[in-house]
Amino acid sequence: MQAFILYSSYFYSKQITFKKVFVSNKIGTVVKSTGSWYSVRLENETKELLECRILGKFRLDDLPLTNPVAVGDRVEIDQTDGKAMIKKILPRSNYVVRQSPRRKHDLHLLASNIDQAVLIVTVDFPHIKPGFIDRFLLMNAKFDIPVTLVFNKFDLYQSHHLDVLEEMKSIYTKIGYSVLTTSVVQKTGLDAFKELLKDKCSLLSGQSGVGKSSLVNAIQPHLELRTGEISDYSGKGQHTTTFAEMFELDFGGRMIDTPGIKMLAFSDKDPRNIAHSYREMFAYSENCRFGGSCLHRSEPGCAVKLAVETGEISALRYNNYLGLLEETEDQNYWERHKEDI
Ligand code: GDP
């Protein structure tokens with residue numbers, strides 16, 4: 001019996017030694033995710049790209065997520081017998097989530113650990129969807145991520161477009177966001193766009209057709225951005241979804257591209273949370289009779305409504321806010337519009 005115990009403890013210790021030889025923990029950054037697989041770029045000198053799966057369950061503040069690991073996450077990898085597994089997500093400095101395009105009660109993590117977010121738009125080529133800018137700002141408001149709006153295709157703007165541009169510039173710069181204008185055709189604003197991205201980790205978004213790929217190619221040739229959406233089979237049928245991807249920039253910095261975003265919805269948000277995320281409204285809300293619980297709709301003594309009437313708060317932003325509030329409270333909204341999301 002004693003011999004058996006001795007033998008088994010010897011065997012056990014051998015097993016442990018055996019395991020130690022083949023297990024190694026490495027740190028890397030998630031650069032791409034396609035649902036169940038994650039591409040992780042190692043931080044060591046090899047800069048090797050590993051295709052990983054997830055080990056165990058990860059949660060984010062107990063929120064229901066469709067994808068627990070985001071592009072931009074720094075992760076610990078367990079590499080055993082040639083298989084690479086993500087076993088730990090290192091603490092995030094921030095993250096960006098939106099409502100899942102597939103499941104209305106779930107959230108989709110778009111990216112994490114970013115320095116800034118950049119939204120490419122045009123005044124009319126294609127026409128910007130009402131409220132899209134504000135939704136994008138809202139998405140980045142939780143961690144106060146700096147946002148720059150890039151108005152592209154400036155060469156196509158006629159005088160009425162320029163009026164819109166000026167109005168947009170004045171609305172958004174007044175509340176602390178940056179605005180750039182660019183034209184890939186006339187090669188204007190490209191240096192400023194490059195400077196914006198240099199040495200930072202930037203989330204880059206824009207509705208299809210705004211010229212995002214052209215702009216990025218103009219400052220970083222040969223980068224292959226995906227232009228459409230990627231299909232993924234999810235048991236219930238064929239779906240399209242957005243998979244972010246991180247690219248290294250030759251001139252310094254990294255960019256997380258988010259292809260295929262048509263619309264942003266936030267049915268998970270508390271209406272008060274939305275009110276507080278409109279930064280200029282939040283600033284005025286301390287003067288509302290109901291303070292932080294005022295939703296600035298029909299409450300008496302609302303300082304925000306007064307500021308809209310006097311023009312201190314943009315009526316455009318305010319109306320977008322009311323629309324978003326209504327949509328968020330209307331749980332069926334998602335069902336009617338899921339084709340657009
Ligand atoms: P994406 O879907 O946002 O990646 O858009 P693309 O980069 O594919 O561009 C969509 C179309 O807009 C293409 O035909 C581009 O040549 C055109 N385009 C891109 N930037 C500009 C610009 O600054 N001016 C004009 N006139 N056309 C542009």
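Predicted model: local features only at pLDDT ≥ 70, side-chain atom pairs only at ≥ 80, totals over all residues.
Residues are numbered from 1 along each chain as its sequence is written.

**The chain overall**

- The secondary structure comes to ten helices and 15 strands; helices (H or I, at least four residues) and strands (E, at least two) are DSSP runs, numbered from the N terminus.
- Of the 341 residues, 32% count as buried. A residue is buried if 20 or more other C-beta atoms lie within 10 Å of its own, exposed if 12 or fewer, and partly exposed in between, with C-beta atoms placed from the backbone.
- Among contacts with a separation of 6 or more, 63% come from residues 24 or more positions apart. Two residues are in contact if their C-beta atoms, placed from the backbone, lie within 7 Å.

**Strand β15 and its partners**

- In strand β15 (residues 254-257), Arg254 and Ile256 point one way, Met255 and Asp257 point the other way, and all are buried. In a regular strand, side chains alternate between the two faces of the sheet.
- Strand β11 (residues 201-206) pairs with β15 in the parallel sense over four bridges; two strands pair if DSSP finds at least two bridges between them. Leu203 stands opposite Ile256 in β15.
- Strand β14 (residues 245-248) pairs with β15 in the antiparallel sense, also over four bridges. Here Glu245 has Asp257 as its bridge partner in β15.
- β14 and β15 form a hairpin with five residues between them, and Gly252 in the turn has a positive phi of about 105°.

**Strand β7**

- Strand β7 (residues 107-112) is largely enclosed by the rest of the structure, because five of its six residues are buried.
- Strand β6 (residues 95-99) runs antiparallel to β7, and five bridges join the two. Tyr95 stands opposite Ser112 in β7.

**Helix α9**

- Helix α9 (residues 315-329) has 15 residues, which at 1.5 Å a residue should span 21 Å; its end C-alpha atoms are 21 Å apart, in agreement. The expected span is 1.5 Å times one less than the number of residues.
- Arg317, Asn320, Tyr321, Leu324 and Thr328 are buried in α9. They cover an arc of only 105° around the axis, which puts them on the same side of α9; the arc is that of the directions from the helix axis to the C-beta atoms.
- An α-helix has 3.6 residues a turn, so residues three or four places apart point the same way.
- The buried residues of α9 pack against α2 (132-139), α3 (159-174), α6 (271-277) and α7 (279-285).
- On the face of α9 turned away from its buried side are the exposed residues Ala315, Glu326 and Glu329.

**Around the ligand**

- The ligand is surrounded by 16 residues, and the closest are Val184, Gly211, Lys212, Ser213 and Ser214. A residue is near a molecule or strand if its C-beta atom, placed from the backbone, lies within 6 Å of it.
- Helix α5 (residues 212-219) supplies three residues, the largest share of this shell.
- By class, the shell has four nonpolar, nine polar and three charged residues. Ala, Val, Leu, Ile, Met, Phe, Trp, Tyr, Cys and Pro count as nonpolar, Asp, Glu, Lys and Arg as charged, and the others, Gly among them, as polar.

**Glu51 in strand β3**

- Glu51 lies in strand β3 (residues 49-54) and counts as exposed, with 12 C-beta neighbours inside 10 Å.
- Leaving aside residues up to four places away in sequence, Glu51 touches Trp37, Ser39 and Ala84. Glu51 and Trp37 are 14 residues apart in sequence and 6.5 Å apart in space, C-alpha to C-alpha.

**Backbone details worth a look**

- Most residues other than glycine have a negative phi, and most peptide bonds are trans.
- Lys153 is not a glycine, yet has a positive phi of about 65°. Lys153 is buried, with 25 other C-beta atoms within 10 Å.
- Lys47, in the loop between β2 (38-42) and β3, also has a positive phi, of about 55°, without being a glycine. Lys47 is exposed, with 10 other C-beta atoms within 10 Å.
- The peptide bond from Phe125 to Pro126 is cis, with omega near 10°. Pro126 is in the loop between β8 (116-121) and α2.
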